[in-house]
Amino acid sequence: MYISAQICLLLLSLQTLTMSAAARRHRRNVLFIMADDLRTSLGCYGDSVVKSPNIDQLASKSQVFLNAYAQQAVCAPSRTSMLTSRRPDTTRLYDFKSYWRVHSGNYTTLPQYFKSRGYFTMSVGKVFHPGIASNHTDDYPYSWSLPAYHPASFRFEKEKMCKGEDGKLHANLLCAVNVTEQPGGTLPDMESADEAVRLLKTRVNDEAPFFLAVGFHKPHIPFRIPEEYLSLYPIDQMTLAPYPDVPKLLPPVAYNPFMDVRKRDDVQKLNISFPYGPVPKDFQLRIRQHYYAAVSYMDAQVGRLLGAIDELGLADSTLVVFTSDHGWSLGEHGEWAKYSNFDVATRVPMIFYVPGVTAVHGSLEGATFPFIDVLRKSEPSFKNYRIIRNVVELVDVFPTVSHMAGLRSPEPCPEVSFEEELCTEGDNLAYTFRHRERGEDEEAISFSQYPRPADAPQVNSDLPDLKDLKVMGYSLRSWDYRYTLWLGFNPKTFQVNVSDVHAGELYMLANDPGQDKNVYNDSDHSMLMRKMTSLPHTVSVQMRMKLQLLYLTAGMKSSRRKA
């Protein structure tokens, strides 16, 4: 009897070990790639100017979310929000000057969650925003199995590295360079790609799955990029933004005066008037040329990573995510840079390659991601086969990556979640991989926000410190509308005053996709606010705005039917 019991226990132990090993085998590796300041200027998102063959190739074998939005269009708040799956009002990070674990709550991050489940987690380049916002450690050791890697050449990004017409070096915005003349004969994203490939090689024969996050710095300014990429975009073929003027009915509080662009040496020479400019048209064309060239340069580094996944035999076992922290205005609304709630600043690429789901294992086509050198060969044409058009958010990334990699997705957060270490304020989008999209989902909503220190543009409007905040612009994006309210905000209590409306914006996207014609009406909103007085004070800003939008648009639809 004793021997039989021992045998049973041994068999049970072996079964447990076998199941555990099987579970490990079914967990996918993760390659998480993030660009910096990348809007949806990619071929796979319908941009006919840009040359992005490697990302387009990835998209052709992935699921592409066409309408994904950041929660705040600036680096540290957006990255912290995405990687914790908490909105800025929960992380309480609206600037670059606090660390969420100290400032708001000890929230578990995406890589930390994978690390706690047995993954070997690695960070290369700009993943978390460096500095105070990630405790000067990129959140190591919480999030990473080893210290984060930063390219040595990045320290030159803000120095005078750009050769001007006078032959001297300047800290310019436009900074196409001969790489061989740069310190070390390299650039930050080249170094990051090298290190990422090196790390991938170390994980090939390891039983533990890996989570490798790679953050490329481009197309973030300055546009310090290899000069040969400019040849892809002849200046005489570049065009201005479709509507490059400041909209007549744009509230002053909504405008960003692009101070980081103005501070560059070559821009200062232009003597652009504050706050509305405009930037001279010939220089606008050059900015757009350099931005697109920076995208193509970054695309090449992504191609190197994807090619390494292929060569190392990891394409059938590695989930690849490609996204960005936020977009960047290229002259739309008379604005440059991010720092706003418009689509051009908040909309981002979001691409998921899931082996065996979005692409078949062991494709007969040969290599899954052969590197495409756009400088030396004609750009191939790719087609997106899996597209999601409905609105999603960057806070959805954490639960979705977890599920698709084979882990349990975090539970939804309660209404107040400051004490909850692990939960998500986003949605698990795994269902979108199983079921074909059935058209427009009016319930699909994205929320973004941006803080301002005053009702009119001033020198700190783009990046105000927490203590200087006076107004918070909450913005709701649905299939048909973008609705924004600029509300009074107390930075000491983190409280928003929903009855203190400084300005409003409402754009009807069917007729105004560029969001240039603000149809918000103060009198309509006054009536609406009276109707909302019966709502309990505990109702969130997001829910209030959803109800307001339903009311406002119901009236518009009724008027159109009568007409």
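Q: Is His333 buried or exposed?
A: This is a predicted model, where local features need pLDDT of at least 70, side-chain atom pairs count only at pLDDT 80 or more, and totals for chains, interfaces and linings use all residues. Residues are numbered from 1 along each chain as its sequence is written, and side-chain values use heavy atoms, with hydrogens and water left out. Buried means under 20% relative accessible area, exposed over 50%, and partly exposed in between (1.4 Å probe, protein chains only). His333 has a relative accessible area of 2%, so the label is buried.

Q: Where does His333 lie?
A: Its phi is near 60 degrees, a positive value in a residue other than glycine. Strands here are DSSP runs of E, at least two residues, and helices are runs of H or I, at least four, both numbered from the N terminus. His333 sits in the loop between strand 10 (329-330) and strand 11 (336-337).

Q: What is the relative accessibility of Phe258?
A: Phe258 is in the loop between strand 8 and helix 8 (259-262), and its phi, near 45 degrees, is positive though the residue isn't glycine. Phe258 counts as buried, because its relative accessibility is 0%.

Q: Which strands stand at the edges of the open sheet of four strands?
A: The order is 15-16-17-18, with antiparallel pairing; strands pair if DSSP finds at least two bridges between them. Each edge strand has a single partner strand, so one side is left without a neighbour in the sheet: these are strand 15 (446-452) and strand 18 (495-508).
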